[in-house]
Amino acid sequence: MMPADREHKITDRYVRAFLLFSTFHPMQGYAPIVSPTADAEKEVFEVTGLDRFSVNGACIWPGGTLSNTIQSVSGSTWGGRNFGGYEGFMHTLVNHHTNYAFASTGAAKVPFNQATFGFGGGEIQLTIKFGPTQVLQNIKLNFPSASWPRAAEMVPAQPRGGFVKGNPECDG
C-alpha cells in the first residue's frame, strides 16, 4: 500500500534512449556536397549489440541488427553543412519521423528519489555502408558500465520566470 502523502503523485520517471551518429567529411574547400537527383540510399548505418545495454537492469533495446538508411547528404538538409568538415547528425534523421532505428523501444523506471541510475554497458558493432551493399568501415565501440546521475528536473521559477533545478513535489 502506498503512503497517503505519495498517493496520486508521480513517483518515478521512465528513461528511454537513442543513438546518434555525427558525421565528418574531410573535403574542406571543394565543391558543395549535394544529393544526386536519385532518391536512393546514400549511406547506411547498421548496429548490432544494442540489446546488451540496460538501465537499472532493464533492457531497453531490441536484439538483432538495427539499420538506418540515409537518403540525404548533409548539404541537402535544413542547416546542413555542404562543404566538408563536421556535418552533424541532422541529415541522418531526415525522413525518419516514425522509424528511426536507433531509438530504444523500451523504457526503464528510475524513481525520483534515486539520485543515480545504473547503465549496463557493452560492445556494439557499427557497420557503415555506401549505398545498400558497399561496406566502408566496421567499428567496434565499447561502452563501460557506470552509475550516472539522473537528470535534474527544471521547473518554472516564479514570479520572475526562467527555470530552476529541482521540484519539491517530486524530489521531496
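Contact here means heavy atoms within 4.5 Å. The model is predicted: local features need pLDDT of at least 70, side-chain atom pairs count only at pLDDT 80 or more, and totals for chains, interfaces and linings use all residues. Residues are numbered from 1 along each chain as its sequence is written, and side-chain values use heavy atoms, with hydrogens and water left out.

View 1. Asn138 lies in strand S11; strands (E, at least two residues) and helices (H or I, at least four) are DSSP runs, numbered from the N terminus. Setting aside neighbours within four places in sequence, Asn138 is in contact with Gln125, Leu126 and Thr127. The side chains of Asn138 and Thr127 make a polar contact of 2.7 Å. A polar contact is a pair of N or O atoms within 3.5 Å; within protein, one must be able to donate a hydrogen and the other to accept it, and residues adjacent in sequence count only if both atoms are side-chain atoms. Buried means under 20% relative accessible area, exposed over 50%, and partly exposed in between (1.4 Å probe, protein chains only).

**View 2. The open sheet S6-S3-S10-S11.** Four strands form an open sheet in this order, with antiparallel pairing. Two strands pair if DSSP finds at least two bridges between them. Strand S6 (65-70) and strand S11 (134-143) stand at the edges; each has a single partner strand, so one side of each lacks a neighbour in the sheet. Neighbouring strands are turned by 20 degrees against each other on average, direction ignored. Here axes are lines fitted to C-alpha atoms, for helices over the stretch in contact, and angles run from 0 to 180 degrees between N-to-C directions. Strand S3 (residues 43-48) pairs with strand S10 (residues 122-130) in the antiparallel sense over six bridges. Glu46 has Thr127 in S10 as its bridge partner.

**View 3. The largest nonpolar core.** This core has 22 residues, of which Leu19, Phe21, Phe45, Val47, Leu50, Val55 and Phe102 touch the most other members. A nonpolar core is a set of buried Ala, Val, Leu, Ile, Met, Phe, Trp, Tyr and Cys residues joined through side-chain atoms within 4.5 Å. At least two residues each come from S3, S6, S8, strand S9 (116-120) and S10. S10 gives the most, with three residues. Not counting residues up to four places away in sequence, Leu19 touches Val47, Leu50, Trp61, Tyr100, Phe102 and Ile124.

**View 4. Ser104 in its loop.** Ser104 is found between strand S7 (85-88) and strand S8 (108-111). Ser104 counts as buried, because its relative accessibility is 1%. A polar atom of the Ser104 side chain lies 3.4 Å from the backbone oxygen of Gly106. Beyond neighbours within four places in sequence, Ser104 is in contact with Arg16, Ala17, Ile60 and Trp61.

**View 5. Asn56 and its positive phi.** Asn56 sits in the loop between strand S4 (54-55) and strand S5 (58-59). Phi of Asn56 is near 50 degrees, a positive value in a residue other than glycine. Most residues other than glycine have a negative phi.

**View 6. The whole protein.** The protein has one helix and 14 strands. Of its 172 residues, 32% count as buried. Among contacts between residues at least 6 apart in sequence, 69% join residues at least 24 apart.
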